[in-house]
Amino acid sequence: MAKTRPGLSSSNPKPGKKDINSYTIRGTNKVVKAGECVLMRPSDVGKPPYVARVEKIESDHRNNVKVRVRWYYRPEESLGGRRQFHGAKELFLSDHYDVQSAHTIEGKCTVHSFKNYTKLENVGAEDYYCRFEYKASNGAFTPDRVAVYCKCEMPYNPDDLMVQCEGCKDWYHPACVGMSIEAAKNLDCFTCEDCKKEMKKSQNGYHELPAAENKVEAKRRKR
């Protein structure tokens, strides 16, 4: 199976076709309905399956079933490519629609919101997440800005361990604060260098209220 180029698929049903409520994946008892996410057979052997959201299921007079899907793109499939903050299970919901044979569906999956994904206790093979919509024609993202963290000012990657400062409540990569992963895992508490300096000033009788009030907001600026 191969994805068509964006803009080439048609959403108008052909004569003799009818919409159906569900489709049972070949060789399984798993039922797919419109609105659910599926794994679809890639065009190249050895590549990971395509991920799509089923928009509509239709059947013709010969019981051939096709699905209209909206593709999710992996970061490496986007114009900008994969970046450091992209997680291994991250997907972009694109504006690329397509019509494919239902026989190319290999299984079901779940694409979580970014917030819900970060709350999962165990991430399964069929768990993914999406925090951006992607315009395939020009590579634009929505939203075009997200919160950044740490001294490196990078968006959050849920695959990377981070430690939270007890003072400002911001999050840091261990490597960015000169700490090993092992040391970070054994921490009882952590205070960033800026907060340590503020604490020393307070102990010495200095009080800089405006800087303290603006600390959290400044570290969570968007870009």
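Of the 223 residues in this predicted model, 37% count as buried. Colour by secondary structure and you will find four helices and twelve strands.

Now select Arg 74, in the loop between strand S6 (65-73) and strand S7 (90-101). Arg 74 is buried but has no salt bridge. The nearest side chain of opposite charge belongs to Glu 76, 4.7 Å away, and a salt bridge would need a nitrogen-to-oxygen distance within 4 Å. Beyond its neighbours within four places in sequence, Arg 74 has contacts that include Pro 48, Tyr 50, Phe 92 and Tyr 128.

Stay with the rings, which form eleven aromatic pairs. Show Tyr 50 and Trp 71: their centres are 5.5 Å apart and their planes meet at 70°, so this pair is edge-to-face. Tyr 50 belongs to strand S5 and Trp 71 to strand S6, so the pair ties together parts 21 residues apart in sequence. Both Tyr 50 and Trp 71 are buried.

Move on to Phe 114 and Tyr 129, a tilted pair with 5.4 Å between centres and 55° between planes. Here helix H1, holding Phe 114, is tied to strand S9, holding Tyr 129.

Two more stops. Lys 89 lies over the face of Tyr 128, 4.7 Å from the ring centre. Finally, select Tyr 73, Phe 92, Phe 132, Tyr 134 and Phe 141, a cluster linked by ring pairs.

How values were computed:
Residues numbered from 1 in each chain as written. Predicted model: local features only at pLDDT ≥ 70, side-chain atom pairs only at ≥ 80, totals over all residues. Heavy atoms only, no water. Helix = DSSP H or I, 4+ residues; strand = E, 2+ residues; numbered from the N terminus. Buried < 20%, exposed > 50% of the residue type's maximum accessible area, 1.4 Å probe, protein only. Lys, Arg positive; Asp, Glu negative; His and termini not counted. Contact = heavy atoms within 4.5 Å. Phe/Tyr/Trp six-rings, centres within 6.5 Å; stacked < 30°, edge-to-face > 60°. Lys NZ or Arg CZ within 6 Å of the ring centre and 35° of its normal.
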